[in-house]
Amino acid sequence: MPLTVDIRKTFVSAERRFTLDVSFATTNQRVVLFGPSGAGKSLTLQAIAGLQHPDEGTITLDGAALFDSARGIDLKPQLRRFAYLFQDYALFPHLNVRQNIAFGLHPGWLNPRARFRHPEVDYWLNALDLRGVAGNHPAQLSGGQKQRVALARALVAQPQLLLLDEPFSALDHALRQRMRRELSDLQTRLDIPMLLITHDPDDVAAFGDQVVQIIDGRVQPETPFAGYARSLS
Amino acid sequence: MEQAWVPLLLSLKVAGWATALNLVFGVAAGLGLSRWRSGARDVVDSLLTLPLVMPPTVLGYYLLVLLGRRGVIGGWLDSLGIQLVFTWQGAVIASTVVAFPLVLKSARAAFESVDPQLERAARTLGVSETAIFFRVTLPLATRGILAGTLLAFARALGEFGATLMIAGNLPGRTQTLSVAVYAAVQAGDDSTANFLVLVTSVTCVVILLAAGRLVPQHSLLTSR
């Protein structure tokens, strides 16, 4: 995954002024953006997905510009074909599991019907063990099931990159370990490049082929990963 | 009793039209205000909410000044051969203006309660902005909008002051239910007044119950 990110954006509010100035390049299949809360990890991930618009800089994937302020390029998130797993999963509460997964496969102004059949949707329902809850709404799902639905919804359209925002933070400890393993297996099987952000050192250990450490809006110089506790002191 | 059905049907017609108009304009204004990022937003919101707090007779007077033959809009409409004063269409305008803030307020609140994260998620799934509105934003705001619309219908049904000012009290043509109650009491016709009051009360209670049922379910559905 030849991904390069080199962006700057300044946020000004009444209380504080925050400058995001992030620059890194990677060719690894598994990259972790690591740092404390409020460091700018989520903003970076959103900029890569096209959900944030940097003030200036460039973002390229496989040599193609997704964002380039100098050339006036800012590809809409709809056209980037990135899967994005939100921290709280952002499942559509008014749609059942099947409809949630089918959401991106179904263009147009209407949602897929509750019994919408599609081979890809059925494949993912089976693959992630969701067949039994296909007709349920998100409010009726457990934390692990919600995460699997969010993963299936993100992966069903065969994206070129998987972005994950603190994917395990909403889960309890035991479930977190299981979902880490599931995600790891899935990533290996699909061979899809992924970029994961976290403040949990265990995630870094599991997925950090390359670790980009971000503190206070800036990428820290490349030092061997030394653990979260020490990096703060 | 027979003459009681005429104002009831007229009231339902006027309130129905006023509600349909508000469903378009109130929801559009509510959506606009919920998306608009500007300091002027609250000022505009307050101005649009004025009909809720102003005396209906004052509103009726404003409408008369605007829509009367010598009014700014009325003069222009008159040249096209359209008359609004002393017509049921005039009563529709009065009811629409009076009930507008109820739809605006509930639509704005409903749109603002939709988690923007869901719209972002839909964007990453490749769905166009228009489709996101119809597939995510609107369905999640529908119950809130519907509750406000029912209140607006009830308010339009009970409209008196502004309607009397602009549409007058012409039996069979512009005499709505609440105006007919007033006219019946003035004429000492107690049995007609009693019947009209009963019909009005029952209609309003039914609408309020329906609105009450919609709101809590809405918050249940969207809780995650």
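1. Of the 224 residues in chain B, 41% are buried, where buried means 20 or more other C-beta atoms within 10 Å of a residue's own, exposed means 12 or fewer, partly exposed lies in between, and C-beta atoms are placed from the backbone. This is a predicted model, in which local features need pLDDT of at least 70, side-chain atom pairs count only at pLDDT 80 or more, and totals for chains, interfaces and linings use all residues. Residues are numbered from 1 along each chain as its sequence is written, while chains are lettered from A and ligands numbered from 1 in the order in which they are written.

2. Chain B has ten helices and zero strands; helices (H or I, at least four residues) and strands (E, at least two) are DSSP runs numbered from the N terminus. The order of elements from the N terminus is α-α-α-α-α-α-α-α-α-α. Along the principal axes, the C-alpha atoms of chain B fill a box of roughly 65 × 40 × 25 Å. Among contacts in chain B with a separation of 6 or more, 76% join residues 24 or more positions apart; a contact requires C-beta atoms, placed from the backbone, within 7 Å.

3. The largest nonpolar core holds 115 residues. Such a core is a set of buried Ala, Val, Leu, Ile, Met, Phe, Trp, Tyr and Cys residues joined through C-beta atoms within 7 Å. The members that touch the most other members are A:Leu85, A:Leu163, B:Ala94 and B:Ile166. Helix H5 (residues 88–112) of chain B is the element that gives the most to this core, with 14 residues. Because domain 1 (3–91 + 161–232) and domain 2 (92–140) of chain A both give residues to this core, it lies between them. Leaving out residues up to four places away in sequence, B:Ile166 touches B:Gly60, B:Leu63, B:Leu64, B:Leu67, B:Val85, B:Gly90, B:Ile93 and B:Ala94.

4. The domain bounds in chain A come from an automatic or database domain assignment. Taken over C-alpha atoms, the centres of domain 1 of chain A and domain 2 of chain A are 27 Å apart.

5. The contact between the chains takes 22 residues from chain A and 21 residues from chain B. On the side of chain B that touches chain A, helix H6 (116–124), helix H7 (129–157) and helix H10 (190–222) of chain B each supply at least two residues. H7(B) gives the most to that side, with seven residues. By class, the side of chain B that touches chain A has ten nonpolar, seven polar and four charged residues; Ala, Val, Leu, Ile, Met, Phe, Trp, Tyr, Cys and Pro count as nonpolar, Asp, Glu, Lys and Arg as charged, and the others, Gly among them, as polar.

6. In chain A, strand S4 (residues 56–61) and strand S5 (residues 64–68) pair in the antiparallel sense over four bridges; pairing requires at least two bridges found by DSSP. A:Thr60 stands opposite A:Ala65 in S5(A). Two residues lie between S4(A) and S5(A) in their hairpin, and A:Asp62 in the turn has a positive phi of about 50°.

7. S5(A) also pairs in the antiparallel sense with strand S6 (residues 73–74) of chain A, over two bridges. Here A:Phe67 stands opposite A:Asp74 in S6(A). The hairpin of S5(A) and S6(A) has four residues between the strands, with A:Gly72 at a positive phi near 70°.

8. Chain A has a mean pLDDT (the predictor's confidence in each residue, from 0 to 100) of 89, and 94% of its residues reach 70 or more. Within chain A, confidence is highest in helix H3 (residues 97–102), at a mean of 95, and lowest in helix H8 (residues 228–232), at 44. The pLDDT is below 50 over residues 229–233 of chain A, a stretch that has three contacts in the model beyond near neighbours in sequence.

Definitions and conventions. Contact = placed C-beta atoms within 7 Å.
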